[in-house]
Amino acid sequence: MNESSQNNLFINRHLGPSDGEIQSMLKSCGLSSLDELISETIPASVLDMDSLQINAVPIEQELLKELHSIADENQVFRSYIGMGYYGTYTPPVILRNILENPGWYTQYTPYQAEISQGRLEALLNFQTMICDFSGMDIANASLLDESTAAAEAMTFLARVNPKRNQYFVSSDCHPQTIAVLKTRAKPIGIELTITEPKNFKFNDETLGGTLQYPATDGEIHDYTSLCTQAHNVGSYIAVAADLLSLALLKPPGEWGADVVVGTSQRFGVPMGYGGPHAAFFATRKIFERKIPGRIIGISKDTHGNPALRMALQTREQHIRRERATSNICTAQVLLAVMSGMYTIYHGPGGIRKIAEDVHRRTCIVGSALDMAGYRIHHTRFFDTIRFNADNNLFKKAQKQKINLRDYGDGSLGISLDETVADEDVNMLLDLFGAKQKNNDSFGIPNNLRRTSSYLKHPVFSLYHSETEMLRYIYRLQQKDLSLTTSMIPLGSCTMKLNATTEMIGITWPEFSDLHPFAPKEQAPSYQKLITELGDRLCNISGFSDYSFQPNSGAQGEFTGLKIISAYHQSRGDSQRTVCLIPTSAHGTNPASAVMTGMSVVIVQCDENGNIDVDDLTQKAKTNSNQLAAFMVTYPSTHGVFEEHIVDICRIIHDNGGQVYLDGANLNAMMGLCKPAEFGADVCHINLHKTFCIPHGGGGPGMGPVFTKKHLAPFLPDHPVISTGGEQGIDAVSSAPWGSASILPVSWAFIRLLGDSGIKKTSQVAILNANYMAKKLSRHFTILYTGVTGRVGHEFILDLRPFRKSCGITDEDVAKRLMDYGFHAPTVSFPVPGTLMIEPTESESKGEMDRYCFALIHIKKEILDVESGRVDLKDNVLKNAPHTAQHAASDSWSHSYTREEAAYPAEWTRKSKFWPAVGRIDNAHGDRNLVCTCSPIEQHEN
């Protein structure tokens, strides 16, 4: 390879440090090579640097040619399948400036609200939009998909009604929703009755029920009396509703629903063979303290200005652990932002026009079918018709590249969407041998027509021209710190480069426009990508089988534990329900175990942060007859490769359990060691971390599970397109392959790096962490290290002494970093009062040096407080972050200068990121929860 080609290799773009910088950093750590670093970091008992047998296409232009040739194999038919997935037009201003914009897709979850005001406002708009359409009081900032949102509604109602365990599910819900409800109900003792609403009578043992509105076959029912019947006996009603239909239909909140869920996919988010899409969850204000997931609320900052933040954060798993109300990691922020912006772009009139056009064309088709002699199953519909026809019509449609829904009983379904034009209607009528005709008796009955207004807030009426929309998007973007600004070194979260080449394919129509229930033969490109990606991840992890159905890391955990439970039950060991979890585990681990019906037993860690093997042994033996699983994160959440991991796995196996490995930290293991080889039985892999799917402000994510052979038969199945093993558990998400449209990102990442690149990526990730740890260790205590004094890919700074000496906390340091233009590391996890730093392999030596400088300079600021040179309360740390408005104000009463506040480092003079608001009063927001846009009355003047 010539020098020009060598310089053009992707590995040189992905890694932050150059080869020369790598040598310099190694020298500063007292090392001569990357291999020496790895030998001092990873125990010899697990080290495996054999070839992964993954060939690289290391030049980006060549990779895109290969991806194009694969994508061309997909056949994008006109889809009329429906079932919660619809064609939609993503406004180009949203496509280019949000979905394809790293200023939006590289943001992290808005835990640091002062530098997240843009996406928080966008999510507040989303919540407001959902409340308006559903007729409910409060909504969260998105969930994963409609089916899992329906499951969250069921478990939510079980918490509201804890003394009951009977639950009604309407048989005309989408089949994927029924399947996921089954999956989630059984482990926690909820008994489902699945039948038609007319056949079910609520009683004092029924905790609630789920309805589909409109039904899966399109029929619209009036459920008012059913809700009254449920409420009369103390039961509650959850409704899975189609969002667009609510522009014309009477909203569930007006006829008695207690919870409304659904998907916002058809509001400008491509189908993408199943996702990612943002689901919604809305309920009544009386339930605001029990609602699952993230809620964006309005509070105020230290200057009294309105400020947004994530409300009720004490429900996070890392605080509540096994008592968490849900897995809060299950959100789809980027997609919620898109659907909210779609609503703003069209406004109330535009959304109503889209809904009316869809409905009008559906009525034309239904009337024509009726006139042509087809038996129409129902005349009350919004966008979906079910009719009887012989199977030849279904095959004839496919020959014309049209997909209809086949109910399997001699009836077919057709669902229309905003992409269907009059010429498409004419093609359908030709297919059916029908002529256009209107029938006024078809459509929405008068008693179910919407009369209430919606989207009255000014935000939905101000930005309808592209110029104004572009400026609004950009204004919000400027309020947010993303990877386009500076590094985001969050421990356990791997905020690495999401390379543009990896991202390009996701918006190609061959990937974005496929319906997830299209026949497999129409999606050979996806099947090839899924198989190749799965096989390569098996090579990297050592496992043999996999499922891509889980569409978040937390859902991957749930799936892995469900597989373990199914395995034990198949062997007659249904009593195995105990899950051992170390104190160092991710907060999602205990929550996932409880969701699968397991009892959590906590295993202690020693003073060095490692799992206490004696405590583990004792608890494994004590629970040997009931032991189902042990959940372990490796390298540990404390940032070290534990020396005894092989022994730990053996202890679990000797006592009849299975080892579940949380693959969140695989970024430090790729090409260096394989979880399956040192004892793990099942593992979920966070593709949104190690394998470059972007965080998108807090979602999308993917958490596919990988298993050894003995667990493969239990991989999750799907009711529409079979995916699992012969004894597969029921579906865990709406789509067969989860959020399939973002899989090309991880496929491209692995393909661009190949065998040697993957290995070097892990080595440099570990080097970067050790380099920063070494540089900072002269100023801060590094809480945990391995036996040789090395850290893994992340490390923990102990700030607890400063709270004792001068009242400066980890939160103060996190807020002060904003003045330097940086996002904080992970705060108070896994150890309260600490910062956990993970630089990843993508950050340059210069950027890491700047971050270290900021922390070292902040240490000096802390010492000034500690020594009494500056005031305990009026100092740059306690008042951080400092906004431009505050720094430029006429009054400045602080004992330090404006320059010290706003320009603490030389680089901030050249390029300054200003926090949009001052420090936010979280307690005020929780006491006065407001999670929709401010009332219209505030804008009238």
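Tutor: Start at Asn 388, which stands opposite Ser 411 in strand E14. Strands here are DSSP runs of at least two residues, and helices are H or I runs of at least four, numbered from the N terminus. The model is predicted, so local features need pLDDT of at least 70 and side-chain atom pairs count only at pLDDT 80 or more, while totals for chains, interfaces and linings use all residues. Residues are numbered from 1 along each chain as its sequence is written, and side-chain values use heavy atoms, with hydrogens and water left out.

Now widen the view. E11 is joined to E14 (residues 411-415) by 5 bridges, and the two run antiparallel. Two strands pair if DSSP finds at least two bridges between them. These strands belong to an open sheet of 3 strands, in the order E11-E14-E13, with antiparallel pairing. E11 (384-388) and E13 (405-406) are the edge strands, each pairing on one side only.

Next, compare a sheet with 4 strands. This open sheet has the order E22-E23-E25-E24, and its pairing is antiparallel. E22 (781-782) and E24 (826-827) stand at the edges with a single partner strand each, so one side of each has no neighbour in the sheet. Further in, E23 (residues 795-798) and E25 (residues 834-837) run antiparallel, joined by 4 bridges. Leu 797 has Leu 835 in E25 as its bridge partner. Keep one rule in mind here. In a regular strand, side chains alternate between the two faces of the sheet.

A helix comes in too. H25 (residues 743-776) lies across E22, E23 and E25. H25 runs at about 20 degrees to E23. Such angles run from 0 to 180 degrees between N-to-C directions, and the axes are lines fitted to C-alpha atoms, for helices over the stretch in contact. Contact means heavy atoms within 4.5 Å.

Then look at a hairpin. E9 (residues 295-300) and E10 (residues 306-311) run antiparallel, with 6 bridges between them. Ser 299 of this pair stands opposite Ala 307 in E10. The hairpin has 5 residues between its strands, and Gly 304 takes a positive phi near 90 degrees.
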